[in-house]
Amino acid sequence: MLRKCVLAAPRAAEAFGASMGVPKVDRADVAQSALMRAVTAWPRFDPDLNKLDRETKAARTRRRVALFARWMYRITARSAAAYFAQRYRSAEILMADPLDPESPDPRPGAEAGVAARESKEHLLEAIRHLDPDTAAIVTAKDLHGTPMQEIAESTGIPLSTVYKMRARARAALRGALERRAAEEREGMRADPGDDR
């Protein structure tokens, strides 16, 4: 049974990557990264986790397949998150026309760019502190626009639970980001900077 799961893992990893918004040209790379992580983590995978005392062979097979699917989804979610973090770090701004020295620069200033980058880094850092299932749901829905029904089907978690997990995660992220902003404001008040 686990042999069939392992043989299906490459297709599953690629499908999970697609559900997380990974572009088609990069899905194979994300799937390969997920499979490498899975191979590394395989000795720690326990197919008998949450084993029941009396369980039919069919029930045990279903439980193991569901457990493997959730495990593989979490690994793929981490690989996709690493892919997007790298992709956003190396993004270029391409302009159709060269800038006219007489006109104002249409691009945001350096301070706005730094602030936006820091905000994105704070958000990604807050997402990393969530548990893997919740982080995968928030990443798939809020960063990649994946439909909730699709997320529920791919994770094996009931749809109502997915909605609840997302709501709780968004509240936790909001609180973490507000605390971070308050700490930064306090830091700025304590250190007014040097006036040159």
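**Second largest pocket**

I started with the lining of the second largest pocket and asked which helix gives the largest share of it. It is α3, with seven residues. This is a predicted model, and I read everything below with that in mind.

I looked up the volume next: the second largest pocket holds about 370 Å³ of space. Its lining takes in 18 residues, and I noted those closest to the centre: Arg78, Ala81, Ile127, Arg128 and Ala135. Then I checked which helices supply at least two lining residues each, and got α3 (57-89), α4 (110-128) and α5 (132-143). By residue class, I have the lining down as 12 nonpolar, four charged and two polar.

**Helix α5**

What is its length in residues, and how far does it reach from first C-alpha to last? I get 12 residues and 15 Å, close to the 16 Å expected at 1.5 Å a residue.

Ala135 is a name I had already written down, as one of the residues closest to the pocket centre. After α5 comes Gly145, and I noted its positive phi, near 75°.

**Helix α2**

On to α2, residues 24-41. I ran the length check here too: 18 residues at 1.5 Å each should span 26 Å, and the end C-alpha atoms sit 26 Å apart, so the two agree.

Which residues of α2 are buried? My list reads Val30, Ala31, Ala34, Leu35, Ala38 and Ala41. Looking down the axis of α2, I find these buried residues within an arc of 140°, so they line one face of the helix. I also checked the face turned away from that buried side, where the exposed residues are Val25, Asp29, Val39 and Thr40.

**Whole protein**

Last, I stepped back to the overall picture. How many helices and strands are there? I count seven helices and zero strands, and the order from the N terminus reads α-α-α-α-α-α-α.

For burial, I have 30% of the 196 residues down as buried. I also looked at contacts with a separation of 6 or more: 67% of them join residues 24 or more positions apart.

Technical notes: Residues numbered from 1 in each chain as written. Predicted model: local features only at pLDDT ≥ 70, side-chain atom pairs only at ≥ 80, totals over all residues. Heavy atoms only, no water. 1 Å grid on protein atoms, 1.4 Å probe; cavity = no way out; pocket = protein on both sides within 12 Å on 5 of 7 lines; lining within 4 Å. Points joined across faces, edges and corners; volume = space filled by probe spheres on them. Helix = DSSP H or I, 4+ residues; strand = E, 2+ residues; numbered from the N terminus. Nonpolar A, V, L, I, M, F, W, Y, C, P; charged D, E, K, R; others polar. Expected span 1.5 Å × (residues − 1). Buried < 20%, exposed > 50% of the residue type's maximum accessible area, 1.4 Å probe, protein only. Arc of directions from axis to C-beta. Contact = heavy atoms within 4.5 Å.
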